[in-house]
Amino acid sequence: MAEAKSDFDPKDRGHGDPLELPRLACGAMAESKPYVATSGQQNALGFPGELAPDWHDKAIARLGELVDNSRALRVYLDSCVKCGACTDKCHYFLGTSDPKNMPVARQDLLRKVYRRHFTFAGKYFPWLVGAADLTKDVLEDWYSYFHQCSQCRRCSVYCPYGIDTAEISMAGRDIMDTIGLGQKYSNEIIGKVFNIGNNLGLPPKALRNTLEGLEEEIEEETGVAVKLPLDEKGADILLVTPSADFFASPHMEGLIGYAKVLHEAGVSWTFSTHASEAANFGMFIGSQENMQKVALRIRAAAQDLGVKRLLFGECGHAWRVAYSFLDTLAGPFDFLDKNYPIPQHIIEFTHDMIERGKLKFDKSKNDEYRLTFHDSCNVARASRMGNKPGGQFELPREILRAVCNHYFDMAPETIREQTFCCGGGGGLLTDELMDVRTKGAMPRMRALNDVAEEHGVTHMAAICAICKAQFSKVLPQYGFDREGIVSVHQMVSNAIILTGSKQAEEFERRNLVATAK
């Protein structure tokens, strides 16, 4: 299942209108498929190890269960009127030109099978309503095109009926897992969480060594002994963060920023080896059972450590699961302190500390950065932050403006609730899908190029681990610096002035000199 060859030139296609309609290229991405999960990876999640001999009947039965259990899914499959409002709203369609990446066409891959088996017209007059049988060719299309959807939900913003293509893609993936045709990348990662505690498969000893190394690095930089506690019982706060934060740039720089903020706030906090992962790939494969198993690890860790508060790091879909589903999957969290949000995002925590005057910054430390901000899709369209609508858009920007002197937004039709996905979300962040990831990033890269040309923007900040990993790969392909993607808390880390730190002494000296002049 190798990726199809492409003559797509990112550096050439990275200029222009982000919303420009492409010329249609039917079947251009038909051969773009992720690797199939092994039998061991399938079995670990409770799925068949290979395509079942009676896969067709199992698939139809599972589809019936899904529409019986989800009124929303049934409505989404019943209500499309082919108005065309969504056709040009998908970044993968804009980047690949393949009409099956139009949201309505992707939906119809499942809708036509649903109509054939679960509607009167589809059973008796299939040719009148676009109903079709589930054949091997249709299954191949499912495997290709349901894995070219990052479940970003941009199309649902524009749909007059609110049809959520993400839910349909999740249902398609759920059915394929159920019949033994799962995706290697996502299923392997979920298995690592069950076996070890995080997506990277980072064992407790390695995690502890990493945190101790970061403590040494922070003390060398600041002169302050900032601790990154692990499995500390009785701490007030459990911080659950994406495991990428323990591993690579710019994620680790963001993690250092969390630690500095929590230290300066004077709170007691801890990580957990049992729940050393905020991400929940169970959502990507549409499996509520696996979503729940991952979520229950967080509940277990919070209870075992006796914490009072639950804090999440910079991860887009992790925050969607936490904000929208955590209480349903693993609640009630009645053992936590109700005086604080349950759960709370690190952005909310840091913003609150700034509002209360608990944090001081030297904004000049970020003067080499001319920043913009990428609204991560799961935060933008599936969650909220703070105590008023739109907080998920305003809080990160207010933090960036508090720590940087040079901030500029991208075009309004490409940010906030209309934001484009990074191109690597929804379980697509795997090397064999690099072609579709690169093409899917095109609208965002064009918007970034525009603000770079107009305002000299050099860096883009994000609060999602997948976005950061994706942009690290695709930025160079569009002519940008690989290190042009940064964490919001990386910027916080650069500018924060810790009490008693070398930076505090330097800042005071500079103020004295300025006052004397």
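The legends below describe close-up views of the cavities and pockets in a predicted model. Residues are numbered from 1 along each chain as its sequence is written. Because the model is predicted, local features need pLDDT of at least 70 and side-chain atom pairs count only at pLDDT 80 or more, while totals for chains, interfaces and linings use all residues, and side-chain values use heavy atoms, with hydrogens and water left out.

**View 1. The largest cavity, with a volume of about 110 Å³.** A cavity is a set of points, on a 1 Å grid over the protein atoms alone, where a 1.4 Å probe fits but cannot get out, and lining residues have an atom within 4 Å of a point. Grid points are joined across faces, edges and corners, and a volume is the space filled by probe spheres set on the points. By this rule there are five cavities of 30 Å³ or more. The largest cavity is lined by 16 residues, of which Cys90, Cys149, Cys152, Arg153 and Cys155 lie nearest its centre. Two or more lining residues come from each of helix H5 (91–96), helix H6 (103–118), helix H10 (154–158) and helix H11 (165–178), where helices are DSSP runs (H or I, at least four residues) numbered from the N terminus. The lining divides into seven nonpolar, five polar and four charged residues, with Ala, Val, Leu, Ile, Met, Phe, Trp, Tyr, Cys and Pro counted as nonpolar, Asp, Glu, Lys and Arg as charged, and the others, Gly among them, as polar.

**View 2. The largest pocket, holding about 720 Å³ of space.** A pocket is an open set of points with protein on both sides within 12 Å along at least five of seven lines. Of the 32 residues that line the largest pocket, Tyr185, Ile189, Leu200, Leu429 and Ala469 lie nearest its centre. Helix H12 (184–195) and helix H22 (465–474) each give two or more residues to this lining, and H22 gives the most, with six residues. By class, the lining has 15 nonpolar, seven polar and 10 charged residues.

**View 3. The second largest pocket, holding about 570 Å³ of space.** Among the 23 residues lining this pocket, Ser70, Glu167, Gly286, Gln288 and Met291 are the closest to its centre. The largest share of the lining, five residues, comes from H16. Domain 1 (2–189) and domain 2 (196–408 + 457–495) both give residues to the lining, so the second largest pocket lies between them; the domain bounds come from an automatic or database domain assignment.
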